[in-house]
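I opened my notebook for a slow walk through this fold. Here is what I looked up, entry by entry.

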Amino acid sequence: MNYLSVENLSKSYGIKELFQSISFGLNRGDKVGLIAKNGTGKSTLLRVLAGEEEPDSGKVIYRNDITVGFLSQNEEFDKTKTVEEVIYDGDNPIFQAIKKYNHCVDNNIEGKEMEIAFEAMSDHNAWETEQGLSQILSELKVNIPEQKISSLSGGQIKRLSLARVLVANPDIMILDEPTNHLDLDMIEWLEAYLSKNASTVLMVTHDRYFLETVCNNIVELDQGTMFKYTGNYSYYLEKKSDREELEQTNITKAKNLMRTELEWMRRMPKARTTKSKSRQGAFYELEGRATKRINKDELTLEVNMERLGSKTVEFHKASKSFGDLQVLDNFSYNFQRLEKLGIVGKNGTGKSTFLNMLTADLMPDKGKVTVGETVKFGYYKQDGMKLKDDKRVIEVIKDISESIPIVGGRRLSASQFLERFLFPTNMHWQMVSTLSGGEKRRLYLCTVLMENPNFLILDEPTNDLDIFTMNVLEEYLENFKGCLIVVTHDRYFMDKIVGHLFVFQEGGKIKDILGNYTKWREKEKEAELNKETVVAKTIQAKTIDKPVKEKTKLSFKEKAEIEQLEIDMPFLETEKAKLEAELAIGALDTQGVMGVSGKLSDVLSALETKTDRWLELSEYS
């Protein structure tokens, strides 16, 4: 069943054409990943599909009554509102039912208005939605309903935006970089959630494992043209290679044919017959095919590296805490040349603190951190991009240096260096404010690497970078001859680069694990499974029936037990009726409903257990 049809869609900004006459569709249940280079219109296309921007031409047609949820990269909320108010804002009838019910509860409104609100909650099955919302907010760590938007960090706002889309459960989810600002546990949860969810999904993400696991279709926007691949990310890579190989073959054939046609064109007299004019037109069409180029522009990283001595960075029994929160406890470690380390851990376990201590931006409370004389840090910070919007691209580079040394003792001008980083000449005098988010990130990376560091720290380097840039960055880092520390939620990136992990745990402990993230995570899951198996076997062993003598009558203790059961059971029946009546009245707020429901569940469980035991004993009474 077709949910969305895109017909001949075009969009340009000034003289820059993003896409021209593209057409594609989304069917019910599709999970589609959109891939394109930075600055080629991925986010713009999503905004057009979501109705937040108008196309220059073409149509976006949704099936009737289709609901659409859109996660943008830069969501803005009213800072005076609370998390709960933002979640329930909008025209969603389920959210409106919850909002009206909570209004009645919070303002002690009873009577007809409360009755209508209660019925609306039941009609829309909003009780279940509210429980689902609680789980989503809990998983995404934005589970304080009364918290003001003004007090949230940028990452929390991004996660709140994502939660708002997920809990609405629209027919189509349009997601722009949904894994940004999520930790690894959150990404794995979201991966499982979207894989099982019935919604149709169109998303832009740099997370290649995410594309591999969630998507059943890939669409690529390349030089303004849309290509569709029916399969996951690995299938896309295979078929894209086949397409480019076939395209190159066709170009070669066209060139060979063009030589023959060119000779004919040169021999032809000025007087043209109708037939020759037709052939002349075919020649110009052939010329277009023969001169077509497959765009293979790639980011080139040839930056030089300062010599790194044998002593790099050493931690000597270093400790750090903030109040009662211990983020590093008696930690010792010596970094080695050529070491490639990945850092993982939940938010708040001290990863950023550790990096700031390593670069001497923060001092330990106890112990010390020593840095070798030859160490030159390059620190790409998640929130460290301080590019000025009123600067031109080339001025950003020239403010650091007019020329940059590269491998082999050569030097590049600022202009040449920019071209190596996929900023063509016509972009050098653009204002920074006109760059896309990914282009700004690439320019920031450029400013870090041009300092020629030999100890490189990358904190979330993959956010907003396109997959093509990341592939080249990975190749550069694999051959990097200095020390490297990577903090990233991109599992593919980490698996490809690092040799071991620091796993940050609560209480300031750091666990050093040999191998990459996937191997460590597989061992963690295997350990969890083994633990669950041991517990299950223990429970099973305790419940194995042992041979007993045939029972003919009750013991004295069992007689006393059945008498007590006959007292307890009526009491539980009364309690059950009382709790059911309390729920039926509808005067409870959300927390009250959940509390009473929990008590009712306990009462029903106890009543069932006691009734079964009474029936068992009554056979011998």
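**Entry 1: cysteines.** I began with C215, which is buried because its relative accessible area is 5%; buried means under 20%, exposed over 50% and partly exposed in between, with a 1.4 Å probe and protein chains only. C104 counts as buried too, at 2% relative accessibility. I then searched the whole structure for disulfides and found 0, taking a disulfide as a pair of cysteine sulfur atoms within 2.5 Å.

**A note on the model.** I am working with a predicted model, where local features need pLDDT of at least 70, side-chain atom pairs count only at pLDDT 80 or more, and totals for chains, interfaces and linings use all residues. Residues are numbered from 1 along each chain as its sequence is written, and side-chain values use heavy atoms, with hydrogens and water left out.

**Entry 2: α3 and α4.** Next I looked at helix α3 (residues 93–106) and its crossing with α4: the axes come within 9 Å and cross at roughly 145 degrees. Helices here are DSSP runs of H or I with at least four residues, strands are runs of E with at least two, and both are numbered from the N terminus. The axes are lines fitted to C-alpha atoms, for helices over the stretch in contact, and angles run from 0 to 180 degrees between N-to-C directions. I noted the crossing of α3 and α4 as left-handed, meaning that the near helix is turned anticlockwise from the far one by less than a right angle, whereas clockwise would be right-handed. For contact I used heavy atoms within 4.5 Å. On the α3 side the contacts include A97, Y101 and C104, and on the α4 side they include M114, F118 and M121.

I also checked S122, which lies in helix α4 (residues 112–123). At 39% relative accessibility, S122 counts as partly exposed.

**Entry 3: salt bridges.** I get 14 salt bridges in the structure, each with a side-chain nitrogen of Lys or Arg within 4 Å of a carboxyl oxygen of Asp or Glu. Side chains of opposite charge can pair when their charged atoms come close.

Which residues does R491 tie together with its own part of the chain? R491 pairs with D207, the closest N and O atoms being 3.4 Å apart. R491 lies in helix α16 (residues 491–497) and D207 in the loop between β7 (200–204) and α8 (208–214), so the pair ties together parts 284 residues apart in sequence. R491 is buried at 5%, and D207 is buried at 1%.

K610 and D568 meet in another salt bridge, 3.3 Å from N to O. K610 sits in helix α19 (residues 590–618) and D568 in helix α18 (residues 556–585), so this pair ties together parts 42 residues apart in sequence. K610 is partly exposed, at 25%.

E53 and R47 also pair, with 2.7 Å between the closest N and O atoms. E53 counts as buried at 17%, while R47 counts as partly exposed at 25%. I found K11, R47 and E53 linked in a network of salt bridges.

**Entry 4: α14.** How many residues of α14 are buried? I count 12 of its 13, among them R441, Y444 and C446. What covers the buried residues includes β2 (16–27), α13 (414–420) and α15 (467–478).
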